[in-house]
Number of protein chains: 2
Amino acid sequence: MIGLWYEDHAVGQAASLGSHTFTRDEIVAFAQKYDPQPFHLDEAAAAKSIFGGLVASGWHTVSVSMRLLVDGRRGQHQAAAAKGEAPPPLGLGRGVRDLRWTAPVKVGDTIAYSLRVESMREIRRPGWGLIGMRISGVNQGGREVCAFTLFGLAARRSG
Amino acid sequence: MIGLWYEDHAVGQAASLGSHTFTRDEIVAFAQKYDPQPFHLDEAAAAKSIFGGLVASGWHTVSVSMRLLVDGRRGQHQAAAAKGEAPPPLGLGRGVRDLRWTAPVKVGDTIAYSLRVESMREIRRPGWGLIGMRISGVNQGGREVCAFTLFGLAARRSG
């Protein structure tokens, strides 16, 4: 994982976020709530679709990357607290640039997510900086399935 | 709602997608699975955060807009089928540009979502065109909370 504070980041830093295997039940549960298209919900309909089988909603594949990112951050916060260090306040997401869904995620696919720091910028808001992180997911065959640049605030030590 | 087929769209067309009221339970349920940060999960922690109270994950607020978009599309498909017309195959999302979270969504907020056709482009893939739609959510006070441009395929009548 990359650093916690703004100053701990550097453009080009990269880290693994871990991986996630998409089950049928989870694909269907997400789709029922947020993206109820037949190829996300129903095996028979999905078999007749362009995908030839059930696939995860694109919003599901990016939501899972958020979960892995937050889990990593929580682990870092706990480690800092265990050493008696005060962790920084959690950063807020500001937005996303250039999100692409480039290949389907099928039942049983395991997606490995990673991030790379793309940009760092000081902002007017005292005590914070803005980090642009490219997050991408790659399936077990080495093919990228989704990627996006997430802009989030990071607290500054000097703040 | 806007047209179903590629040819039914025009740049500048706009439509309401309906609205959604965010409950505490729903905010927490999404966050537990996909964005377990304290200000999305726990009222006491959220009260001490920059938000001063529980707020929805940004990924939740955009996932709800997808649900409303799909519900609208399903209604159109059913209406077409009821008239004996064959509806087009459902379009696929290709990606997102310029997603911004501009204000928090708190418990009990009602967000009205709308879309506007921003771009239309013929693509090499026979029978399909690419539509860029700006989707935005506005709260009960008239303040935009999220917006993004979704690029999706639409089937062509001529295809």
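Ala86(A) is exposed, with 8 other C-beta atoms within 10 Å. You'll find Ala86(A) in the loop between H4 and E2 of chain A. From Ala86(A) to Arg143(A) it's 57 residues in sequence and 39 Å in space, C-alpha to C-alpha.

A quick word on what you're looking at: this is a predicted model, in which local features need pLDDT of at least 70, side-chain atom pairs count only at pLDDT 80 or more, and totals for chains, interfaces and linings use all residues. Residues are numbered from 1 along each chain as its sequence is written, while chains are lettered from A and ligands numbered from 1 in the order in which they are written.

### The sheet

Strands are said to pair if DSSP finds at least two bridges between them.

How many strands does the open sheet have? It has 10, in the order E1(A)-E3(A)-E4(A)-E5(A)-E2(A)-E2(B)-E5(B)-E4(B)-E3(B)-E1(B), and the pairing is antiparallel. Strand E1 (14-21) of chain A and strand E1 (14-21) of chain B stand at the edges, each with a single partner strand, so one side of each has no neighbour in the sheet. From one strand to the next, the twist averages 20°; for angles like this, axes are lines fitted to C-alpha atoms (for helices, over the stretch in contact), and the angles run from 0 to 180 degrees between N-to-C directions.

Within chain A, strand E3 (residues 110-122) and strand E4 (residues 128-138) pair in the antiparallel sense over 10 bridges. Where the chains meet, E2(A) and E2(B) pair in the antiparallel sense over four bridges, with Val96(A) standing opposite Leu99(B) in E2(B).

### The H4 helices

Helix H4 (residues 58-82) of chain A lies across E1, E2, E3, E4 and E5 of chain A together with E2 of chain B, and runs at about 125° to E1(A). Its counterpart, helix H4 (residues 58-82) of chain B, touches E2 of chain A as well as E1, E2, E3, E4 and E5 of chain B, and its direction makes about 125° with that of E1(B). Contact means that the C-beta atoms of two residues, placed from the backbone, lie within 7 Å.

At 1.5 Å a residue, the 25 residues of H4(A) should span 36 Å, and its end C-alpha atoms are 37 Å apart, which agrees. That expected span is 1.5 Å times one less than the number of residues. Buried residues of H4(A) include Trp59(A), His60(A), Met66(A) and Arg67(A). For H4(B), the buried residues include Trp59(B), His60(B), Met66(B) and Arg67(B).

### Positive phi values

Most residues other than glycine have a negative phi.

| Residue | Phi |
|---|---|
| Gly84(A) | near 80° |
| Gly84(B) | about 80° |
| Asp98(A) | near 60° |
| Asp98(B) | about 55° |

Asp98(A) is found in strand E2 of chain A, and Asp98(B) in strand E2 of chain B. Asp98(A) is partly exposed, with 13 other C-beta atoms within 10 Å. Asp98(B) also counts as partly exposed, with 13 C-beta neighbours inside 10 Å.

### How the chains meet

In all, 22 residues of chain B are in contact with 22 residues of chain A. On the chain B side, helix H1 (24-34), H4 and E2 each supply at least two residues, and E2(B) gives the most, with nine. By class, that side has 10 nonpolar, five polar and seven charged residues. Nonpolar here covers Ala, Val, Leu, Ile, Met, Phe, Trp, Tyr, Cys and Pro; Asp, Glu, Lys and Arg are charged, and the others, Gly among them, are polar.

What rotation superposes chain B on chain A? It is 180°, with 0.0 Å of shift along its axis and an RMSD of 0.0 Å. The two copies are thus related as by a two-fold rotation axis. The superposition is by least squares on the C-alpha atoms of residues with pLDDT of at least 70 in both copies. Of the residues of chain B, Arg97(B) comes closest to the rotation axis, at 2.7 Å (C-alpha). The same surface serves both copies, as 100% of the contact residues of chain B recur in chain A.

Methods:
A residue is buried if 20 or more other C-beta atoms lie within 10 Å of its own, exposed if 12 or fewer, and partly exposed in between; C-beta atoms are placed from the backbone.
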